[in-house]
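Please review the sequence and the structure shown below. A briefing on selected features follows, grouped by topic.

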Amino acid sequence: FDPPNEAPALTAIGDQSVDENDTLSIPIAATDPNAGEVLEFFDVGLPGFCSLVDDGDGTGSIECAPIDGDAGNYAIQLFVLDDGSPPLSDSTNFVLTVNPVIIMDADGDGVEDSADNCIDIVNADQRDTNGDGYGNACDADFNDDCVVNVIDLGILRTVFFTDDGDA
């Protein structure tokens with residue numbers, strides 16, 4: 001005599017959040033009171049930047065790697081199905097929130113301000129010929145004495161309209 005099939009139990013998943021350009025691994029687990037039954041996970045609403053990993057032993061994970069433009073709220077339903085007779089299931093619902101990442105770029109040159117060597121002047125190439133940390137586009141201190149004065153003007157005059165990298 002075979003005991004009647006009982007439904008598997010899926011561990012609830014609380015709402016989750018992740019920032020754009022970051023990763024999130026959500027562990028999943030299920031049990032079945034009927035020993036030896038195979039459990040399989042399914043999903044509804046999983047966004048394309050996430051994948052369902054079924055370890056085949058009642059555990060697994062949801063792996064997410066959202067990129068720029070994926071910000072938003074995603075309603076996800078996860079199911080576990082056993083192979084009993086008749087097959088029974090359980091499910092859980094949660095919301096995945098992808099937070100937008102705001103990149104500060106005051107001059108609009110495509111280089112984030114925290115890494116930009118000339119924040120207020122467009123200089124996408126970040127050229128810094130003398131290696132002083134100030135981009136050529138905004139570095140008027142040609143002799144690196146931390147003072148912009150007539151000496152720097154004299155240096156500029158000698159290289160103006162030349163191929164010199166400091167010009």
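In which loop does Pro86 lie? Pro86 is placed in the loop between β7 (72–82) and β8, where strands (E, at least two residues) and helices (H or I, at least four residues) are DSSP runs numbered from the N terminus. This is a predicted model, in which local features need pLDDT of at least 70 and side-chain atom pairs count only at pLDDT 80 or more, while totals for chains, interfaces and linings use all residues. Residues are numbered from 1 along each chain as its sequence is written, and side-chain values use heavy atoms, with hydrogens and water left out.

**The sheet**

- Four strands form an open sheet in the order β2-β8-β7-β4, with mixed pairing; two strands pair if DSSP finds at least two bridges between them.
- β2 (16–19) and β4 stand at the edges with a single partner strand each, so one side of each has no neighbour in the sheet.
- On average, neighbouring strands of this sheet are turned by 25° against each other, direction ignored; the axes behind this angle are lines fitted to C-alpha atoms.
- β2 and β8 (residues 89–99) run parallel and are joined by 4 bridges.
- Ser17 has Thr97 in β8 as its bridge partner.

- Asp32 is found in the loop between β3 (24–31) and β4 (39–44).
- Asp32 is buried, that is, under 20% relative accessible area, with exposed meaning over 50% and partly exposed in between (1.4 Å probe, protein chains only).
- Asp32 has no salt bridge, a term for a side-chain nitrogen of Lys or Arg within 4 Å of a carboxyl oxygen of Asp or Glu.
- The nearest side chain of opposite charge to Asp32 is Arg127, 67 Å away; Lys and Arg count as positive and Asp and Glu as negative, while His and the chain ends are not counted.
- A polar atom of the Asp32 side chain lies 2.8 Å from the backbone nitrogen of Asn34.
- Leaving aside neighbours within four places in sequence, Asp32 is in contact (heavy atoms within 4.5 Å) with Glu6, Pro8, Glu37, Leu39 and Asp82.

**Backbone geometry in the loops**

- Most residues other than glycine have a negative phi, and most peptide bonds are trans.
- The peptide bond from Ser85 to Pro86 is cis, with omega near -5°.
- Asn21, in the loop between β2 and β3, has a positive phi of about 65° although it is not a glycine.
- Asn21 counts as partly exposed, at 49% relative accessibility.
- Gln126, in the loop between β8 and α1 (150–159), has a positive phi near 55°.
- Gln126 is buried, with a relative accessible area of 19%.

Technical notes: Polar contact = N/O pair within 3.5 Å; in protein donor to acceptor, adjacent residues only side chain to side chain. Axes fitted to C-alpha atoms, helices over the stretch in contact; angles between N-to-C directions.
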